[in-house]
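User: I would like to learn how to read domains, cavities, pockets and helix packing in a model. Can you take me through them one by one?

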Amino acid sequence: MSWFIKKRQQKTAVEERTVRVPEGLWVKCDACRELIYRAELANTRNVCPKCGYHFRIGVAERLESVMDPGYEERFGELQSGDPLAFSAAKPYADQLRKLKGLGHDHDAVLVVEGTLKGHPVVMGVMDWDFLAASMGSVVGEKLRLGAELALAKGCAFIIVSCSGGARMQEGALSLMQMAKVSAALARLDSAGLPYLSILTDPTTGGVSASYAMLGDLNIAEPKALIGFAGPRVIEQTIKQTLPEGFQRSEFLQSHGMVDKVVPRDRLRDFVATALDWMTEPHG
Ligand SMILES: [Zn+2]
């Protein structure tokens, strides 16, 4: 009857499975689940060397990877108020205070002025770590001022977007930013100055429904989630299964919503070439 007796599992196999990796030395890729040596990621601009997944990066890293050294922050004095005295499980004023204490002084967007491969540009970079890069009054105002500054200087304006959408803690005031920034971009357009939109993972809600999609060129990072409502909401509304890759950069490019999907390591060169074409006279 020995075949009814459950054999003990070999311990060694279990031990091998549960080996702990030293914290901070290895990173698990969100897409392919492979372990990546953290130092290797620094060399690839935080792109998975195994599957090409683009990890989300911070504002400073983005600016360093695209701009020439020597750029300067603009409109940093603008700070969010709490116009609705919004109080839910987490009061808005407390959230703002906490974020400021963590060094996020620039709200959800940092606007800088500088050069990109010699081209003078004004650039706004949205910060996911600040309330999911939600678009409140300060985000809208800084981007409007950025567009006005580009207009005054006669240079290109670039926005690197990522966002969870409009900031609910500021209610309708957040929604008004969509029209305000769009109107400022229209003035740039009338003056014949280029506006480039760079969409990164994820760009959703009111940001995707306004300035992120208004670029003379809409450039997206590979496999970025770009859309207005989430896929589950859409499926429930239209009662249809969505196609593979729906709302990802490549899908949007093949349907004409995005002009070009550009990997992170080629972004700086691509933007510089686009600016060569858009700003230099050529016949
Ligand atoms: Zn990967």
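The dialogue below goes through these features in turn.

User: What should I know about the model before reading it?

Analyst: This is a predicted model, where local features need pLDDT of at least 70, side-chain atom pairs count only at pLDDT 80 or more, and totals for chains, interfaces and linings use all residues. Residues are numbered from 1 along each chain as its sequence is written, and side-chain values use heavy atoms, with hydrogens and water left out.

User: Which domains does the assignment give?

Analyst: Domain bounds come from an automatic or database domain assignment. Here that assignment gives domain 1 (23–55) and domain 2 (57–279). Their centres, taken over C-alpha atoms, are 25 Å apart. Six residues from domain 1 and nine residues from domain 2 make the contact; contact means heavy atoms within 4.5 Å.

User: How do I read a cavity, and where does the largest cavity lie?

Analyst: Take a 1 Å grid over the protein atoms alone: a cavity is a set of points where a 1.4 Å probe fits but cannot get out, and lining residues have an atom within 4 Å of a point. Points are joined across faces, edges and corners, and a volume is the space filled by probe spheres set on them. The whole structure holds one cavity of 30 Å³ or more. The largest cavity has about 30 Å³ of space. Its lining is Gly-52, Tyr-53, His-54, Asp-201, Pro-222 and Lys-223. Both domain 1 and domain 2 give residues to that lining, so the largest cavity lies between them.

User: What is the volume of the largest pocket, and which residues are closest to its centre?

Analyst: A pocket is an open set of grid points with protein on both sides within 12 Å along at least five of seven lines. The largest pocket has a volume of about 190 Å³. It is lined by 18 residues, of which Arg-56, Ile-57, Gly-58, Trp-128 and Cys-162 are the closest to its centre. Helix α3 and strands β5 (119–126), β6 (156–163) and β7 (195–204) each supply at least two lining residues. Helices (H or I, at least four residues) and strands (E, at least two) are DSSP runs, numbered from the N terminus.

User: How do α3 and α10 pack?

Analyst: Two packed helices are described by the angle between their axes and the distance between the axes. Axes are lines fitted to C-alpha atoms, for helices over the stretch in contact; angles run from 0 to 180 degrees between N-to-C directions. Helix α3 (residues 59–66) and helix α10 (residues 264–279) pack at about 50 degrees, with axes 9 Å apart. The two are therefore oblique to each other (under 35 degrees is roughly parallel, over 145 roughly antiparallel, 65 to 115 roughly perpendicular, the rest oblique). Arg-62, Ser-65 and Val-66 in α3 meet Arg-264, Leu-267 and Arg-268 in α10.
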